[in-house]
Amino acid sequence: MTLEEFSAGEQKTERMDKVGDALEEVLSKALSQRTITVGVYEAAKLLNVDPDNVVLCLLAADEDDDRDVALQIHFTLIQAFCCENDINILRVSNPGRLAELLLLEPDASRAASEGAEQPPDLHCVLVTNPHSSQWKDPALSQLICFCRESRYMDQWVPVINLPER
């Protein structure tokens, strides 16, 4: 490995960490503003009714989920819809970390402690735009730029890894 290749790889890793940090910040704000929709079915309903307010779609799957044909069909349909409606898409490779971030919401942690029968479906997460001021959010702007740059490189659904804490 040459020094240039090492340096390029290091820059890519650093950039992905920054994108992961920005995603964490966007999710935290979306939770506090209640502008998040969790679950494949719930996401499909929202996309059908109000696609113009969706600013980001996250698809999360681990290695076991990659073998779930029904889930992959859902992902394909959601991706196609998002591309057609100019909705930014990211694929999250560590759904466990995504679950940690999303279950910080007080209602979700209370439901978990009360022994909720069905864990939430975290395979698809939508972030909506409650008002135009959120577009000025630097973390969201960074994610949108990352998605746009990925599309320019023909990577329509970039995969990111949320940083472990």
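Here is a short walk through the chain, from its overall layout to one helix and one surface patch. Keep in mind that the model is predicted.

Let's begin with the whole chain. It contains six helices and five strands, and reading along the sequence gives the pattern α-β-α-β-α-β-α-α-β-α-β. Of the 165 residues in the chain, 40% are buried.

Now find helix H6, which runs over residues 138–152. This helix has 15 residues and spans 21 Å from its first C-alpha to its last, close to the 21 Å expected at 1.5 Å a residue. Some of its residues are hidden from the surface: Ala 139, Leu 140, Leu 143, Ile 144, Phe 146, Cys 147 and Ser 150 are the buried residues of H6. Because they cover an arc of only 155° around the axis, they sit on the same side of H6. Turn to the other side of H6 and you will find Pro 138 and Tyr 152 exposed.

The two ends of this helix deserve a look too. After H6 comes Asp 154, which has a positive phi near 60°.

Finally, move to helix H3, residues 69–84, where Leu 77 is found. Is Leu 77 buried or exposed? Leu 77 has a relative accessible area of 57%, so it counts as exposed, the cut-off being over 50%. Leu 77 also belongs to a nonpolar surface patch with Val 69 and Ile 73. Together, Val 69, Ile 73 and Leu 77 have about 310 Å² of accessible area.

Methods:
Residues numbered from 1 in each chain as written. Predicted model: local features only at pLDDT ≥ 70, side-chain atom pairs only at ≥ 80, totals over all residues. Heavy atoms only, no water. Patch = residues over 30% accessible without salt bridge, like charges linked within 9 Å, V, L, I, M, F, W, Y side chains within 5 Å. Areas by Shrake-Rupley, 256 points an atom, 1.4 Å probe, with all protein chains shown as cover. Salt bridge = Lys/Arg side-chain N within 4 Å of Asp/Glu carboxyl O. Helix = DSSP H or I, 4+ residues; strand = E, 2+ residues; numbered from the N terminus. Buried < 20%, exposed > 50% of the residue type's maximum accessible area, 1.4 Å probe, protein only. Expected span 1.5 Å × (residues − 1). Arc of directions from axis to C-beta.
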